[in-house]
Amino acid sequence: MLLLCRCGISRGDLRQRALTKLAVTSSLLGCSLLQSLHVKVGDKAELTKAFTQNDVVTFSDLTGDTNPLHLDEDFAKKSRFGRTIVHGVLINGLISAVLGTKMPGQGCVFLSQEIRFPAPLYIGEEVTAAAEVKRLKSSVAHISVSCKVKESEKTVMEGMVKVMVSGS
């Protein structure tokens with residue numbers, strides 16, 4: 001602090017110069033980074049899978065989620081679903097797989113999500129997880145996601161996610 005005052009630079013001047021430099025640098029980096037990203041608005045990807053009872057049991061063992069709606073057929077028969085259902089977070093894992101392996105792909109980082117589960121996914125139903133880039137802001141892609149049962153087109157998960165995209 002003493003050195004700054006002797007040179008004629010006040011603390012306020014230094015802070016303003018630093019903020020201005022940061023804003024200019026961020027602006028320049030944001031533009032060049034956006035141009036070097038390997039994704040663009042409108043890019044799409046999908047992945048299809050049918051979860052088995054073994055997948056659900058394995059997920060339950062790994063996470064400790066032993067809710068009988070997913071594991072106990074007798075319990076689930078008495079529920080509003082009528083039979084066992086796949087864990088919602090397991091379905092959401094397909095979205096992570098699409099994002100991390102197909103689009104945007106390797107090196108992307110999942111930042112946030114806002115999702116809904118409008119209908120159940122039953123064990124054995126083939127589901128397609130789909131993702132579409134809706135907006136790019138700096139190095140963050142805003143991506144619309146959904147999971148739909150292939151045969152019936154029933155939506156079992158939908159929402160928006162944000163991922164940090166690595167440059168190409």
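The largest nonpolar core here has 30 residues, and Leu99, Leu121, Ile143 and Cys147 have the most contacts inside it. A nonpolar core is a set of buried Ala, Val, Leu, Ile, Met, Phe, Trp, Tyr and Cys residues joined through side-chain atoms within 4.5 Å. Helices H3 and H6 and strands E3 (126-137), E4 (140-149) and E5 (155-164) each supply at least two residues of this core. H6 gives the largest share, six residues.

This is a predicted model: local features need pLDDT of at least 70, side-chain atom pairs count only at pLDDT 80 or more, and totals for chains, interfaces and linings use all residues. Residues are numbered from 1 along each chain as its sequence is written, and side-chain values use heavy atoms, with hydrogens and water left out.

**Confidence**

- The chain averages a pLDDT (the predictor's confidence in each residue, from 0 to 100) of 80, and 77% of the residues score at least 70.
- Over residues 1-9 pLDDT stays under 50, and the model has five contacts (heavy atoms within 4.5 Å) for them beyond four places in sequence.
- Residues 13-36 also stay under 50, with nine contacts beyond four places in sequence.

**The sheet**

- Five strands form an open sheet in the order E1-E3-E4-E5-E2, with antiparallel pairing; strands are DSSP runs of at least two residues (E) and helices are runs of at least four (H or I), numbered from the N terminus.
- E1 (44-50) and E2 (109-116) stand at the edges with a single partner strand each, so one side of each has no neighbour in the sheet.
- From one strand to the next, the twist averages 20°; axes are lines fitted to C-alpha atoms, for helices over the stretch in contact, and angles run from 0 to 180 degrees between N-to-C directions.
- E4 and E5 pair in the antiparallel sense over nine bridges, where pairing takes at least two DSSP bridges between two strands.
- Serine 146 has glutamate 158, in E5, as its bridge partner.

**Helices**

- H6 (88-101) lies across E1, E2, E3, E4 and E5, running at about 55° to E3.
- In H3 (residues 53-63), Val56, Phe59 and Ser60 are buried, meaning under 20% relative accessible area, while exposed is over 50% and partly exposed is in between (1.4 Å probe, protein chains only).
- Those buried residues fall within an arc of 100° seen down the axis of H3, so they line one face of the helix; the arc is that of the directions from the helix axis to the C-beta atoms.
- Asn54, Asp61 and Leu62 are exposed on the other side of H3.
- The buried residues of H3 pack against H4 (68-71) and H6.
- Alanine 76 sits in H5 (residues 73-77) and counts as buried because its relative accessibility is 0%.

- Most residues other than glycine have a negative phi, and most peptide bonds are trans.
- Methionine 103 and proline 104 are joined by a cis peptide bond, with omega about 0°; proline 104 is in the loop between H6 and E2.
- Serine 138, in the loop between E3 and E4, has a positive phi of about 60° and is partly exposed at 34% relative accessibility.
- Glutamate 153, in the loop between E4 and E5, has a phi near 65° and is exposed at 52%.
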